[in-house]
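Keep the picture open while you read, and find each part as it is named.

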Amino acid sequence: MSRSVLVTGGNRGIGLAIAQAFADAGDKVAITYRSGEPPEGFLAVRCDITDAEQVEQAYKEIEEKHGAVEVLIANAGVTRDQLLLRMTDEDFTSVLDTNLTGTFRVVKAAARKMLRARKGRIVLISSVVGLLGSAGQSNYAASKAGLVGFARSLARELGSRNITVNVVAPGFVDTDMTRVLNDEQREKIVGQIPLGRYAQTAEIASSVRFLASEEAAYITGAVIPVDGGLGMGH
Ligand code: NDP
């Protein structure tokens with residue numbers, strides 16, 4: 001059965017791999033993008049998730065063209081790394097506004113229709129650093145840890161309506177976000193990963209797709225690490 005799927009930040013990186021995985025399985029996939037040319041093969045809606053008005057408009061367009069969103073993957077996220085004493089209010093609040101409050105905005109808009117339909121799947125993309133912590137990323141780690149409390153609260157709130165809410169916590173994945181690291185930093189990180197390598201984006205996408213599938217109907221409030229063992233024990 002073809003479902004209406006929305007992947008925020010589905011225009012590149014992990015989000016694009018997730019969007020592709022759902023499209024390959026025959027779902028109707030909408031993605032958000034902020035600028036430039038979005039990839040082909042999806043319903044691309046221009047939307048900055050820090051802007052409530054744009055989120056509302058995006059849902060309107062998707063609902064008109066694909067019907068109400070049945071599967072939401074809240075993937076859009078940013079980093080603005082800085083050590084604490086150099087971190088400005090703006091560094092902190094802008095990362096929280098995208099990663100946590102932005103996710104709240106898109107989830108709320110999807111949940112309204114899911115509640116009415118009495119079914120739905122929501123997957124939030126967190127990060128291994130939300131659980132492990134990461135020097136220089138206190139804003140990012142706080143936002144990603146916040147997603148866990150957010151998801152688990154919603155799992156309790158929405159469970160009786162057959163809506164599952166889960167979190168995928170990737171480790172290091174080869175995308176634009178991690179390409180800013182230099183060779184020395186990369187080597188250090190890889191040395192700490194039991195599987196000894198970065199993840200491919202498709203390896204994150206397959207777990208996301210599983211959580212959105214019928215086979216995962218009894219999984220909610222879970223945090224699934226897809227991190228090559230980097231964060232195990234949390
Ligand atoms: P990229 O930097 O490659 O892509 C980020 C995506 O988020 C882009 O599509 C971008 O859109 C979108 N985005 C950012 N801000 C906004 C906004 N305000 N409104 C709408 N869309 C926005 O990152 P990745 O693919 O690597 O990361 C995807 C998710 O996975 C993020 O949440 C990230 O934190 C998480 N993650 C990544 C890891 C990694 O190692 N790469 C590890 C763990 C988690 P645009 O093109 O318009 O900028």
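This is a predicted model: local features need pLDDT of at least 70, side-chain atom pairs count only at pLDDT 80 or more; totals for chains, interfaces and linings use all residues.

- For a look at one pair, take β1 (residues 4-7) and β2, which are joined in the parallel sense over 4 bridges.
- Within that pair, Val-5 stands opposite Val-29 in β2.

**Helices on the sheet**

**Helix against helix: α1 and α8**

- Two packed helices are described by the angle between their axes and the distance between the axes.
- The axes of α1 and α8 (residues 201-211) come within 8 Å and cross at roughly 55°.
- That angle makes α1 oblique to α8.
- The crossing of these two helices, α1 and α8, is right-handed.
- On the α1 side, the contact is made by Gly-13, Ile-14, Ala-17, Ile-18, Ala-21 and Phe-22.
- On the α8 side, the residues include Thr-201, Ala-202, Ile-204 and Val-208.
- Sorted by class, the contact of α1 with α8 has 9 nonpolar, 3 polar and 1 charged residues.

**Helix against helix: α3 and α5**

- The axes of α3 and α5 (residues 138-158) come within 9 Å and cross at roughly 20°.
- Angles under 35 degrees count as roughly parallel, and α3 and α5 are therefore roughly parallel to each other.
- Their crossing, α3 with α5, is right-handed.
- Among the residues of α3 that meet α5 are Phe-92, Val-95, Leu-96, Leu-100 and Phe-104.
- From α5, the residues in this contact include Tyr-140, Leu-147, Phe-150 and Leu-154.
- By class, the contact of α3 with α5 holds 13 nonpolar, 5 polar and 2 charged residues.

**Helix against helix: α2 and α3**

- Helix α2 (residues 52-66) packs with α3 at an angle of about 35°, and their axes are 10 Å apart.
- Helix α2 passes α3 in a right-handed crossing.
- Here Ala-52, Val-55, Glu-56 and Tyr-59 in α2 meet Arg-105, Val-106 and Ala-109 in α3.
- This contact of α2 with α3 has 5 nonpolar, no polar and 2 charged residues.

**Around the ligand**

- How many residues surround the ligand, and which are the closest? There are 30, and the closest are Gly-9, Gly-13, Arg-34, Gly-77 and Thr-175.
- The elements that give two or more residues to this shell are α1 (13-24), β2 (28-33), α3 (89-117) and α6 (176-179).
- By class, the shell around the ligand has 11 nonpolar, 15 polar and 4 charged residues.
- Look for Gly-13 in the picture: this residue is one of the closest to the ligand, and Gly-13 also takes part in the contact of α1 with α8.

How values were computed: Residues are numbered from 1 along each chain as its sequence is written. A residue is near a molecule or strand if its C-beta atom, placed from the backbone, lies within 6 Å of it. Ala, Val, Leu, Ile, Met, Phe, Trp, Tyr, Cys and Pro count as nonpolar, Asp, Glu, Lys and Arg as charged, and the others, Gly among them, as polar. Two strands pair if DSSP finds at least two bridges between them. Axes are lines fitted to C-alpha atoms, for helices over the stretch in contact, and angles run from 0 to 180 degrees between N-to-C directions. Angles under 35 degrees count as roughly parallel, over 145 as roughly antiparallel, 65 to 115 as roughly perpendicular and the rest as oblique. A crossing is left-handed if the near helix is turned anticlockwise from the far one by less than a right angle, and right-handed if clockwise. Two residues are in contact if their C-beta atoms, placed from the backbone, lie within 7 Å.
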